[in-house]
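Subject: Structure for your files, with notes

Hello,

Here is the two-chain structure for you to look through. My notes come after it.

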Amino acid sequence: MKARVTVTLKNGVLDPQGKAIEGALKSLGIDGVESVRQGKVFEIELKDADKAKAEAALKAAADKLLANTVVENYRVEVLG
Amino acid sequence: MKAAVVLFPGSNREGDVASAIKRISGKAASIVWHADSALPANTDLVVLPGGFSYGDYLRCGAIAARAPIMNAVRAHAERGGLVLGICNGFQILCEAQLLPGVLQRNAQLRFMCKEVYLRVERSDTPYSRRYNAGDVLKIPVAHGEGNYTADEETIKRLEGDGRVLFRYVSPEGKLDPKWNHNGATNAIAGILSEKLNVLGLMPHPENHVDPLIGPTDGRGLFESIKTVLEAA
């Protein structure tokens with residue numbers, strides 16, 4: 001079973017990397033970029049076929065390691 | 001004084017801090033491997049040294065904070081034992097939630113390797129009794145992620161409880177955004193745990209202990225620890 005955990009910075013947390021990317025996009029002349037926030041995506045292959053169990057395991061993974069919940073939010077998706 | 005320096009894959013300042021401890025206390029520190037589950041018997045100071053544990057993968061200090069030895073370090077801290085985290089060690093202490101908050105990318109996005117000025121905020125802690133409150137120290141930094149941040153409530157609590165031990169200041173000891181080289185909230189360079197026994201700081205006091213190299217402003221930190229442990 002495939003799953004995805006997306007980790008993003010909380011609103012209001014300074015994201016200097018996102019700012020730098022935003023600046024680079026603007027200097028490339030890409031139209032209409034208002035702002036950029038950078039995050040991480042984890043693609044995870046799971047043994048379990050039970051969706052509820054998989055979601056619980058992914059939540060535990062995100063809370064314990066993948067995200068630092070002081071400054072980051074995460075979203076768990078089981079893709080099937 | 002019985003010090004243990006924890007070695008993670010990618011630590012690189014363990015030798016510097018072990019040599020500072022030897023120079024000041026006269027006793028060699030043991031080097032403890034991250035995969036061990038116990039500290040040497042009667043350890044009274046644990047040091048998490050600087051470096052790039054696990055190549056800074058995921059987040060600085062994130063993987064090291066979950067290493068087997070960290071359970072023993074946590075138990076030592078809970079007993080009131082001294083734990084000192086320098087640079088990457090500070091990042092590991094935050095990731096392990098032994099200290100609150102997080103060290104983010106420096107505000108100007110550059111790795112900073114230079115000498116900075118730190119103001120000692122109080123002298124009544126195990127790490128600072130050989131300094132006076134208000135002393136300005138010249139200490140080197142070398143980091144890319146030292147921009148200390150926490151939620152408003154945590155900052156208020158740290159400030160209210162006097163848990164900020166070091167701040168980045170001008171050579172005259174004044175707060176000035178120009179001298180807060182990594183953009184840290186309230187120019188915070190080092191913080192203490194609630195019981196004052198855990199200290200995390202970004203600068204490297206262990207590199208300023210030998211007159212051969214220049215300033216020796218870092219000695220006071222290790223002399224303070226020695227005084228406290230030898231009186232115990």
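This is a predicted model: local features need pLDDT of at least 70, side-chain atom pairs count only at pLDDT 80 or more; totals for chains, interfaces and linings use all residues.

Residues are numbered from 1 along each chain as its sequence is written, and chains are lettered from A and ligands numbered from 1 in the order in which they are written.

Confidence

The predictor gives the complex a pTM of 0.93 and an ipTM of 0.83.

Chain A

Chain A has three strands and two helices; these are DSSP runs numbered from the N terminus, with helices being H or I of at least four residues and strands E of at least two. Along the sequence they follow the pattern β-α-β-α-β. The C-alpha trace spans about 45 × 25 × 15 Å along its principal axes. Its radius of gyration (taken over C-alpha atoms) is 16 Å, whereas a compact globule of 80 residues would have one near 12 Å; the globule rule used here is 2.2 Å times the number of residues to the power 0.38. Of the 80 residues, 11% count as buried. A residue is buried if 20 or more other C-beta atoms lie within 10 Å of its own, exposed if 12 or fewer, and partly exposed in between, with C-beta atoms placed from the backbone.

The three strands of chain A form an open antiparallel sheet in the order β2-β1-β3. Strands are said to pair if DSSP finds at least two bridges between them. β2 (39–45) and β3 (72–78) of chain A are at the edges with a single partner strand each, so one side of each has no neighbour in the sheet. On average, neighbouring strands of this sheet are turned by 15 degrees against each other, direction ignored; axes are lines fitted to C-alpha atoms, for helices over the stretch in contact, and angles run from 0 to 180 degrees between N-to-C directions.

Helix α2 (residues 51–66) of chain A packs on the sheet and touches β1, β2 and β3 of chain A. The direction of this helix makes about 155 degrees with that of β3(A).

Strand β1 (residues 2–9) of chain A pairs with β2(A) over seven bridges, in the antiparallel sense. β1(A) also pairs with β3(A), again antiparallel and over seven bridges. A:A3 stands opposite A:I44 in β2(A) and opposite A:V78 in β3(A). A:R4 has A:E43 in β2(A) as its bridge partner.

Where the chains meet

Eight residues of chain A are in contact with twelve residues of chain B, contact being C-beta atoms, placed from the backbone, that lie within 7 Å. Helix α1 (residues 16–27) of chain A gives the largest share of the chain A side, three residues. By class, that side has six nonpolar, two polar and no charged residues. Here Ala, Val, Leu, Ile, Met, Phe, Trp, Tyr, Cys and Pro count as nonpolar, Asp, Glu, Lys and Arg as charged, and the others, Gly among them, as polar.

Chain B

Chain B has eleven strands and five helices. Its radius of gyration is 16 Å, close to the 17 Å that the globule rule gives for 232 residues, so chain B is as compact as a globular protein of that length. Buried residues make up 54% of the 232.

B:C87 lies in the loop between β4 (82–86) and α3 (88–95) of chain B. B:C87 counts as buried because it has 29 C-beta neighbours inside 10 Å. Leaving aside neighbours within four places in sequence, B:C87 is in contact with B:R13, B:G50, B:H143, B:M202 and B:H204. B:N207 is 120 residues from B:C87 in sequence and 12 Å away in space, C-alpha to C-alpha.

Just after α3(B), B:Q97 takes a positive phi of about 60 degrees.

Regards

Technical notes
Two residues are in contact if their C-beta atoms, placed from the backbone, lie within 7 Å.
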